[in-house]
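Have the model open and ready to turn.

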Amino acid sequence: MRLGTRRWGAWPVAVALVLAWSMPASAAPVRVWNIPLGTPVTELGDDFVMPACGTNGGPPTVFLDGFADFARCPVEAATGLREIWFSYDDITEYFYRALRSSDEIVDGSRANALFEQLVMFSLLVDGQGRVQGYRIISDPREDRAHRLNALAITQPIKAVVFGAFGWQCVNLPAAEGEMPFNGQFIKEDCKKLSNGRAVTIQSRTLLKPGQRTQRVGEGFQLNEFDVRAHIEVVNAALAR
């Protein structure tokens with residue numbers, strides 16, 4: 001049965017108004033870098049929702065009934081820990097979407113954005129279910145025009161969260177088939193020990209083998225490219 005637009009067109013606004021009436025004012029969410037190492041993953045609070053097994057930059061796989069199910073996720077060979085992907089509570093974002101708010105308002109309310117970049121968050125958990133680290137990775141699903149600036153998250157993390165000095169950075173050579181993108185070739189790995197945490201930040205701006213940009217008519221259309229930030233923090237006592 002086809003639904004009349006007059007009858008149903010007001011529903012999104014009505015739902016949004018109900019949400020606005022019932023939605024409590026909330027403080028800023030607890031950021032992953034403020035979680036003390038050793039915190040039981042089951043004690044994270046209401047900011048953290050939709051836990052699933054992470055894939056180190058890929059999509060989540062097995063969605064969990066709760067953080068207490070962390071043992072369903074595999075142990076990583078590289079870290080000896082389990083990666084638990086999660087989302088921050090995004091009710092505010094969808095409240096504004098339901099109101100059909102402007103793109104600026106919606107973008108400013110994105111729960112899983114950091115420095116205006118959509119990112120993926122995950123926690124690294126030991127066999128006892130204690131947080132021993134985390135990852136922040138620029139989300140490849142971000143709009144391409146925004147993803148061009150994915151490295152915007154690395155400098156604030158370096159300078160504000162861990163301090164601007166003491167980093168050991170290496171510029172890696174291009175692998176076979178890798179090429180500059182937009183006139184830049186960035187393939188940098190930076191490491192630092194900070195307050196008992198081993199921090200690794202990878203920055204990439206390049207074209208992988210087979211990736212390219214193409215011109216369409218007089219405009220410049222972006223095709224596939226590799227611009228991303230990959231931040232990993234692990235308890236230094238457990239780092240391999």
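How do the residues of the lining of the second largest cavity divide into nonpolar, polar and charged? There are six nonpolar residues, one polar and one charged. Please keep in mind that this is a predicted model. The residues lining this second largest cavity are Val 32, Ile 35, Leu 37, Val 131, Gly 133, Tyr 134, Arg 197 and Val 233, and the space inside amounts to about 30 Å³. Rolling a probe the size of a water molecule over the atoms shows where empty space is left.

A search of the whole structure finds two cavities of 30 Å³ or more. The largest cavity has a volume of about 60 Å³. Its lining counts 14 residues, and those nearest the centre are Gly 57, Glu 83, Trp 85, Met 120 and Ser 122. By class, the lining of the largest cavity holds six nonpolar, six polar and two charged residues. Strands S2, S4 and S5 each supply at least two residues of this lining, and S4 has the largest share, with three.

That brings us to S4 itself.

Strand S2 (residues 82–88) runs antiparallel to S4 and is joined to it by five bridges. Here Trp 85 stands opposite Ser 122, and both of these residues are among those nearest the centre of the largest cavity. Seven bridges join S4 to S5 (residues 131–138), again in the antiparallel sense. S4 and S5 form a hairpin with five residues between them, and Gly 129 in the turn has a positive phi of about 80°.

S4 also pairs with strand S3 (residues 113–114), antiparallel and over two bridges. Leu 114 stands opposite Gln 117. These two strands form a hairpin as well, with two residues between them; Phe 115 in the turn has a positive phi of about 50°.

Which residues does Val 41 contact, leaving aside its neighbours within four places in sequence? They are Phe 67, Phe 70, Leu 123, Val 125, Gly 129 and Val 131, a list that takes us back to the S4–S5 hairpin. Val 41 belongs to the loop between helix H2 (11–22) and strand S1 (48–53). With a relative accessibility of 1%, Val 41 counts as buried. Val 41 and Phe 67 are 26 residues apart in sequence, while their C-alpha atoms are 6.2 Å apart in space.

One last stop is the second largest pocket, which holds about 340 Å³ of space. It is lined by 16 residues, with Lys 191, Thr 200, Glu 232, Val 234 and Arg 240 nearest its centre. Strands S7 (186–194), S8 (197–206) and S11 (226–235) are the elements that give two or more residues to this lining. Seven of the lining residues are nonpolar, four polar and five charged.

Notes
Residues numbered from 1 in each chain as written. Predicted model: local features only at pLDDT ≥ 70, side-chain atom pairs only at ≥ 80, totals over all residues. Heavy atoms only, no water. Pairing = 2+ DSSP bridges. Helix = DSSP H or I, 4+ residues; strand = E, 2+ residues; numbered from the N terminus. 1 Å grid on protein atoms, 1.4 Å probe; cavity = no way out; pocket = protein on both sides within 12 Å on 5 of 7 lines; lining within 4 Å. Points joined across faces, edges and corners; volume = space filled by probe spheres on them. Nonpolar A, V, L, I, M, F, W, Y, C, P; charged D, E, K, R; others polar. Buried < 20%, exposed > 50% of the residue type's maximum accessible area, 1.4 Å probe, protein only. Contact = heavy atoms within 4.5 Å.
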